[in-house]
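Me: Could you walk me through this one while I have it open? I'll jump around a bit.

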Amino acid sequence: MLTCISFKTNTRESGHSNRTFGVYILASLISAASIPTTPAMGGEIPAAERKSGYEFMSAETRAMQDDDAANPATLWVLDGKALWNRTDGEAKKSCADCHSDAGSSMKGVAARYPAFNKSIGRPIDLEQRINLCRTEQQKATPLSFESRELLALAAFIGQQSRGMPIGVIDDAQTKPFIEAGRTIFERRQGQLNLSCAQCHDDNWRGKLAGAPITQGHATGYPLYRLEWQAMGSLQRRLRNCLVGMRAEPYVFDAPEYVNVELFLMWRARGMPIETPAVRP
Amino acid sequence: MPRSLINVPAKAKRGEVIEIKTLISHDMESGYRPDSTGKTIPRDIINLFFASYNGVEIFRAELHPAIAANPFLSFTTIATESGRIDFTWTGDNDFSATETAQIIVE
């Protein structure tokens, strides 16, 4: 069955008042038989039905993620391990000088990030935490977002939590930021007038342009995406979705991204960390 | 030196078929993509990979622009004797990388 959903958007009055764009999206190329019941609109996915993006992948791509020797993200993890031990900045300190063996000191860290930072007064993600360590402890320059070095360190630190359940702390000071992330997630935006939730909460059983719509659980970042032929952060992935919705993406490092990251990790609570994952 | 990753079984029985996996970091720039100013980015790829087992070539592959970044190559060979397996990648702009693995054959 082919379903056509049309979205109509009244644009702002700029000489073309009341001009209507009809945007037609083949939102769901789903066979009617594959939907046992109509999914609830706007609802959160119950814990028992939560699936990682891994479960939507082909056997070949899964095999690539499962075998460290075939997973291209391992190249970044190895770089990250080297960077962990490299002295840097005016303080002439390496990550290892303070945190020693990442295998024990970084175990579980990625599973609870983004986390509230008292001195900044808001949650920060793992990449921002790394850069905070660089500027405050190592007295070094922060690494630029999506740089090979920052992705490598984040992948190396993330790997130490592989298999551990995601558990961001949702205390009173963090809650408002989770809710702010949820607001962005559920808000219709962009020229296509779509919200994240419309795909990832309501239509994850379906397909978009032949590819499965996943539930959007951020369990394996930073990850190697075959489409990118490179490693990328969750912020890059969010940017990707925003551009796809024809919404204006935020600049890297923006607090809005961190709020969404935090909400997504809260939404994926209990699911195991897969870092460094592979995705198509 | 680019980062590479080799997976060779440490031990094997004589006559056993072993699988060797290789992975190397490389952008594999095809030579067909434009940059942000519209200029074509020059081709920069690995174009040859070969492996030798105690000095005897056992595998050779030519790579072309359509091959994705960070090429992963896996192949099989027969474990004949203990020794070393050498891997070499060469490419555009004098790219060259080597890696060595040891194997014990019982």
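Me: Which residues meet where α5(A) touches α6(A)?
Reply: In this predicted model, L126(A), E127(A) and I130(A) are the residues of α5(A) that take part, and they meet L150(A), L153(A), A154(A), I157(A) and G158(A) of α6(A). By residue class, this contact divides into 6 nonpolar, 1 polar and 1 charged.

Me: And what's the angle at which these two helices pack?
Reply: Helix α5 of chain A, residues 126–136, packs against helix α6 of chain A, residues 148–159, at an angle of about 110 degrees, and the two axes are 10 Å apart. Angles of 65 to 115 degrees count as roughly perpendicular, and α5(A) and α6(A) are therefore roughly perpendicular to each other.

Me: Staying around there, where does P222(A) lie?
Reply: P222(A) belongs to the loop between β6 (211–212) and β7 of chain A. Its contacts, leaving aside residues up to four places away in sequence, include L151(A), A154(A), A155(A) and G158(A), and also M231(A), G232(A), S233(A) and P276(A). A154(A) and G158(A) also take part in the contact of α6(A) with α5(A).

Me: Is P222(A) buried or exposed?
Reply: P222(A) is buried, because 33 other C-beta atoms lie within 10 Å and the cut-off for a buried residue is 20 or more.

Me: Switching to α10(A): how many of its residues are buried?
Reply: The helix is mostly covered, with 11 of its 13 residues buried. The buried residues include Y257(A), V258(A), N259(A) and V260(A), and the charged E261(A) and R267(A) are also among them. As for its length, α10(A) covers residues 255–267 and reaches 18 Å from its first C-alpha to its last, close to the 18 Å expected at 1.5 Å a residue.

Me: What do those buried residues pack against?
Reply: They pack against three elements of chain A, namely β4 (122–124), α7 (175–186) and α9 (234–244).

Me: Take α7(A), then. How are α7(A) and α10(A) arranged at their contact?
Reply: The two helices pack at an angle of about 95 degrees, and their axes are 7 Å apart, which makes α7(A) roughly perpendicular to α10(A). On the α7(A) side the contact is made by F177(A), I178(A), A180(A), G181(A), R182(A), I184(A) and F185(A), while α10(A) contributes E256(A), N259(A), V260(A), L262(A), F263(A) and W266(A). These residues divide into 9 nonpolar, 2 polar and 2 charged.

Me: What about α2(A), what do its buried residues pack against?
Reply: They pack against elements of both chains: in chain A these are α6, β7 (223–225), β8 (230–232) and β9 (278–279), and in chain B they are β1 and β3. The buried residues themselves are A73(A), T74(A), L75(A), W76(A), V77(A), D79(A), G80(A) and L83(A). The 12 residues of α2(A), 73–84, should span 16 Å at 1.5 Å a residue, and the end C-alpha atoms are 16 Å apart, which agrees.

Me: How many residues of chain B are in contact with chain A?
Reply: There are 10 residues of chain B in contact with 9 residues of chain A. On the chain B side, β1 (4–7) and β3 (17–24) each supply at least two of the residues that touch chain A, and that side divides into 5 nonpolar, 3 polar and 2 charged residues.

Me: What secondary structure does chain B have?
Reply: Chain B has 8 strands and 0 helices. Five of the strands form an open sheet with mixed pairing, in the order β2-β8-β7-β4-β5, and its edge strands are β2 (11–12) and β5 (56–62), each of which pairs on one side only. Within that sheet, β4(B), residues 46–53, pairs with β5(B) in the antiparallel sense over 6 bridges, and F49(B) stands opposite A61(B) of β5(B).

How values were computed: Residues are numbered from 1 along each chain as its sequence is written. Chains are lettered from A and ligands numbered from 1 in the order in which they are written. This is a predicted model: local features need pLDDT of at least 70, side-chain atom pairs count only at pLDDT 80 or more; totals for chains, interfaces and linings use all residues. Helices (H or I, at least four residues) and strands (E, at least two) are DSSP runs, numbered from the N terminus. Two residues are in contact if their C-beta atoms, placed from the backbone, lie within 7 Å. The expected span of a helix is 1.5 Å times one less than its number of residues. A residue is buried if 20 or more other C-beta atoms lie within 10 Å of its own, exposed if 12 or fewer, and partly exposed in between; C-beta atoms are placed from the backbone. Axes are lines fitted to C-alpha atoms, for helices over the stretch in contact, and angles run from 0 to 180 degrees between N-to-C directions. Angles under 35 degrees count as roughly parallel, over 145 as roughly antiparallel, 65 to 115 as roughly perpendicular and the rest as oblique. Two strands pair if DSSP finds at least two bridges between them.
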